[in-house]
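Here are my notes on this one, in the order I'd go through them with you. Have the viewer open alongside.

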Amino acid sequence: MPVLPTKLPHTGTTIFTVMSALAAEHGAVNLGQGFPDFGTDPALLQAVTDAMAAGYNQYPPMTGVPALRQAVAAKLNALYGSAYDADRDITITAGGTQGLITAIHACVGAGDEVIIIEPAYDSYDPAIRLAGAVPVGVPMTLDYRLDWDAVRAAVTPRTRALVLNTPHNPSGRIATADDQRELAQIAEQHDLFVVSDEVYEHMVFDGAAHESVARHPGLRERSFLVSSFGKTFHVTGWKVGFVAAPPALSAAFRRLHQYTVFTVHTPTQHAIAAYLADPAPWQGLSGFYQAKRDAFRAAIEGTPLKLLPCEGTYFQTVDYRAVSDKTELEFARWLTTEVGVAAIPLSVFYQQPQERGHVRFCFAKRDETLAKAAQCLQALAGRRA
Ligand code: PMP
Ligand code: GLN
């Protein structure tokens with residue numbers, strides 16, 4: 001057998017797979033990996049069946065089903081005051097993950113540096129390395145705000161792009177309009193591309209607005225906006241998303257997309273296109289998850305876990321240092337095996353692991369699941385690990 005080469009010599013199995021397996025093995029409530037444990041709207045399921053029965057089972061256009069691209073463009077343009085063209089600027093992808101890696105490969109190459117904001121969602125680093133580029137981690141502030149001075153200090157003549165994620169996984173923070181102005185100023189000054197991961201665009205709480213790159217003309221012209229229907233419609237296993245980008249960027253994106261996935265599951269695209277005709281499901285999403293956030297926070301308020309702010313996403317981060325001095329990974333394992341609740345350590349989202357005593361819980365769960373998890377977590381009172 002020849003030796004297997006690897007382009008990712010230091011990359012192990014993703015934490016989401018590791019923690020879900022541990023939760024299953026120990027029968028723990030799985031608040032680790034981010035996915036809902038409830039179903040989607042039966043009307044959306046029916047729409048997929050209907051699309052298959054209607055014969056939508058062959059390749060759609062390489063860029064995606066036209067009706068879906070039109071629905072996406074109409075929504076983006078109405079929400080963010082942008083002017084994406086459905087044919088030219090929107091491409092349907094196999095979820096956010098493919099949108100991200102393809103966008104990164106479309107705009108960076110060997111030797112380029114790409115700034116990622118840490119803690120950083122775990123697919124950015126390998127996607128950048130596979131392009132032969134170098135991920136440069138820039139930490140957020142201690143309370144998980146974007147640190148633009150640190151970003152400025154990290155820019156070099158080799159910096160080609162920056163990956164932004166708002167609402168932010170894992171911290172639950174959101175970018176502000178000021179953040180977008182700072183980003184635009186830096187990107188324009190240094191001529192950078194922006195890959196904007198907005199998969200949680202419809203989960204923003206307490207009346208705040210989602211600050212999409214699409215809102216800001218200076219950013220929009222140099223950005224790939226990445227989103228995913230998996231989050232918005234409670235169907236993470238469907239893996240359908242989209243990338244919106246101006247013409248030259250979309251052309252570069254599609255050059256790669258056509259030879260990597262070519263296109264995405266046809267009936268699902270037709271179903272989502274039809275389902276998007278009613279704005280109520282995505283318009284109601286922030287309220288839906290805000291209620292879950294509030295219920296979960298109230299349920300664990302009395303435990304020694306300190307709740308950090310949650311402005312968006314379906315993740316709640318807590319500080320466990322009143323309970324344990326373990327590393328975040330050790331604590332997450334202990335919590336899963338001994339307390340019965342799986343969580344995700346934040347330390348895995350850094351190039352140089354940080355130990356701040358923080359783990360993340362996913363609250364995209366049925367009320368009973370959250371109540372059961374909270375009941376387990378009550379047992380932490382008076383305990384040290
Ligand atoms: N970006 C972020 C910040 C995520 O949390 C996720 C995972 N849910 C993705 C991208 C990937 O999305 P998808 O499952 O659609 O590939
Ligand atoms: N995005 C999800 C999370 O942050 C997990 C996605 C995955 O398992 N790859 O938990």
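1. **Ground rules.** This is a predicted model, so to speak: local features need pLDDT of at least 70, side-chain atom pairs count only at pLDDT 80 or more, and totals for chains, interfaces and linings use all residues. Residues are numbered from 1 along each chain as its sequence is written, chains are lettered from A and ligands numbered from 1 in the order in which they are written, and side-chain values use heavy atoms, leaving out hydrogens and water.

2. **Helix α12.** The buried ones (under 20% relative accessible area; exposed is over 50%, partly exposed in between, with a 1.4 Å probe and protein chains only) are T266, P267, T268, Q269, A271, I272, A273 and Y275. Among the elements that cover them are α2 (42-53), α3 (66-80), β2, α10 (229-232) and α13 (280-283). Helices here are DSSP runs of H or I with at least four residues, strands are runs of E with at least two, and both are numbered from the N terminus.

3. **Strand β8.** Both faces of β8 (residues 241-244) are covered: G241 and V243 are buried on one side, F242 and A244 on the other. Strand β2 (residues 90-93) runs antiparallel to β8, with four bridges between them; β7 (223-228) is also antiparallel to β8, again over four bridges. Strands count as paired if DSSP finds at least two bridges between them. V243 is the bridge partner of T91 and also of V226.

4. **Aromatic pairs.** The structure holds 19 of these. Rings of Phe, Tyr and Trp (its six-membered ring) pair if their centres lie within 6.5 Å; planes under 30 degrees apart count as stacked, over 60 as edge-to-face and the rest as tilted. F229 and F233 have ring centres 6.1 Å apart and planes at 5°, so that pair is stacked. Both F229 and F233 are buried. The F296 and F361 rings have centres 5.8 Å apart and planes at 80°, so this pair is edge-to-face. The two partners come from distant parts of the chain, 65 residues apart: F296 is in helix α14 (residues 285-300) and F361 in strand β13 (residues 358-362). F296 is buried at 1% relative accessible area, and F361 is buried at 0%. There is also an aromatic cluster made of F38, Y200, F205, F288, Y289, Y314, F315 and F363.

5. **The four-stranded sheet.** This open sheet has the order β9-β10-β13-β12 with antiparallel pairing. Its edge strands, β9 (306-307) and β12 (344-345), each pair on one side only. Two bridges link β9 to the antiparallel β10 (residues 315-319), with L307 opposite V318.

6. **L377.** Buried or exposed: which is L377? At 0% relative accessibility, L377 counts as buried. L377 belongs to helix α16 (residues 367-378). Neighbours within four places in sequence aside, L377 is in contact (heavy atoms within 4.5 Å) with I300, T303, L305, L335, V339, V341 and F361. K365 is 12 residues from L377 along the chain, and their C-alpha atoms are 16 Å apart.

7. **D122.** This one is in the loop between β3 (113-118) and α6 (124-130), and is partly exposed at 23% relative accessible area. Residues up to four places away in sequence not counted, D122 touches T14, I15, F16 and F349. The side chains of D122 and T14 make a polar contact of 2.8 Å. A187, 65 residues from D122 in sequence, is 23 Å away C-alpha to C-alpha.

Terms used. Polar contact = N/O pair within 3.5 Å; in protein donor to acceptor, adjacent residues only side chain to side chain.
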